[in-house]
Amino acid sequence: MSQQGLARSVRLFRLFLREQTDPGLFYSAMAQDAVSQVAAYGDPAGKTVVDVGGGAGYFTTEFRAAGAHCYLFEPDRDELLSNGAAPEAAVLADGYWLPVRDGCADICFSSNVLEHVADPIGLIGEMIRITRPGGLIYLSFTNWYSPWGGHEMSPWHYLGSRFAERRYRARHGHAPKHYVGGNLYRIHIGQTLRMAQSLHGAQIVDALPRYYPRWCRCCAGRREWGTRRGRSRPGR
């Protein structure tokens with residue numbers, strides 16, 4: 001049984017502290033947690049799931065363990081092969097142009113990808129395209145103003161991205177993996193929700209903090225966003 005509330009948040013935070021030393025442990029636990037979140041909106045067993053930007057395949061593995069037919073699309077070859085080999089049915093592909101037909105997915109899933117793309121609305125639009133009417137889109141991203149907004153440079157990004165990059169170089173002797181304007185972008189909750197609402201073909205059904213307890217809605221750092229694919233309501 002998965003932990004809920006504050007106990008769940010504490011467990012995930014402790015695991016996050018081991019992300020650099022034991023990434024497999026952290027990402028496997030995060031994938032289990034994410035799939036349980038998706039399952040709250042409907043059992044994924046037997047469903048077709050498209051995992052957009054899923055890296056080495058931790059989320060794909062968990063969706064398959066839950067009985068889903070999951071397919072991974074990852075644009076970065078190094079990330080895809082970071083565990084030594086690509087998962088079965090994985091495709092090297094850009095999330096802006098997924099090589100699948102319209103409405104093929106029951107569930108379209110993306111975790112912590114949106115803050116790494118220069119055109120977030122393009123990625124969201126493509127996720128809507130490939131999701132069938134009545135299907136579910138799960139989109140998680142890292143808010144720039146959250147404690148982890150600067151990724152490995154956190155929390156020094158609060159003093160500016162250039163300062164955070166210089167400090168990281170001085171401390172570690174090499175450049176950070178992420179740099180703002182190249183593979184990391186300042187993305188915010190309100191901005192992203194407005195973008196989502198401006199697109200036709202989907203409706204927002206939930207906007208919740210991913211790692212915080214559900215009663216901390218206003219404190220969200222990393223954000224999960226669920227939509228139902230279908231006709232948009234006027235004015236939304």
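Reader: In which helix is Leu-12 found?

Author: Leu-12 is found in helix 1, residues 5-16; helices are DSSP runs of H or I with at least four residues, strands are runs of E with at least two, and both are numbered from the N terminus. This is a predicted model, in which local features need pLDDT of at least 70, side-chain atom pairs count only at pLDDT 80 or more, and totals for chains, interfaces and linings use all residues. Residues are numbered from 1 along each chain as its sequence is written, and side-chain values use heavy atoms, with hydrogens and water left out.

Reader: Is Leu-12 buried or exposed?

Author: Buried means under 20% relative accessible area, exposed over 50%, and partly exposed in between (1.4 Å probe, protein chains only). Leu-12 counts as buried, at 6% relative accessibility.

Reader: Which residues is Leu-12 in contact with, leaving aside its neighbours within four places in sequence?

Author: Contact means heavy atoms within 4.5 Å. On that basis Leu-12 touches Phe-26, Asp-33 and Tyr-211. Tyr-211 is 199 residues from Leu-12 in sequence, yet their C-alpha atoms are 7.1 Å apart in space. For the protein, 59% of the contacts with a separation of 6 or more join residues 24 or more positions apart.

Reader: How many helices and strands does the protein have, and what percentage of its residues count as buried?

Author: There are seven helices and seven strands, in the order α-α-β-α-β-α-β-β-α-β-α-α-β-β from the N terminus. Of the 236 residues, 46% count as buried.

Reader: Which residues of helix 7 are buried?

Author: In helix 7, residues 189-198, the buried positions are Ile-189, Thr-192, Met-195 and Ala-196. Because the buried residues fall within an arc of 130° seen down the helix axis, they line one face of helix 7; the arc is taken from the directions from the axis to the C-beta atoms.

Reader: What joins the side chains of Thr-142 and Glu-115?

Author: A polar contact of 3.0 Å joins them, that is, a pair of N or O atoms within 3.5 Å, one able to donate a hydrogen and the other to accept it. Thr-142 lies in strand 5, residues 131-142, and is buried, with a relative accessible area of 2%.

Reader: Where is Tyr-145 found, and is Tyr-145 buried or exposed?

Author: Tyr-145 is in the loop between strand 5 and helix 6 (161-172) and is exposed, with a relative accessible area of 55%.
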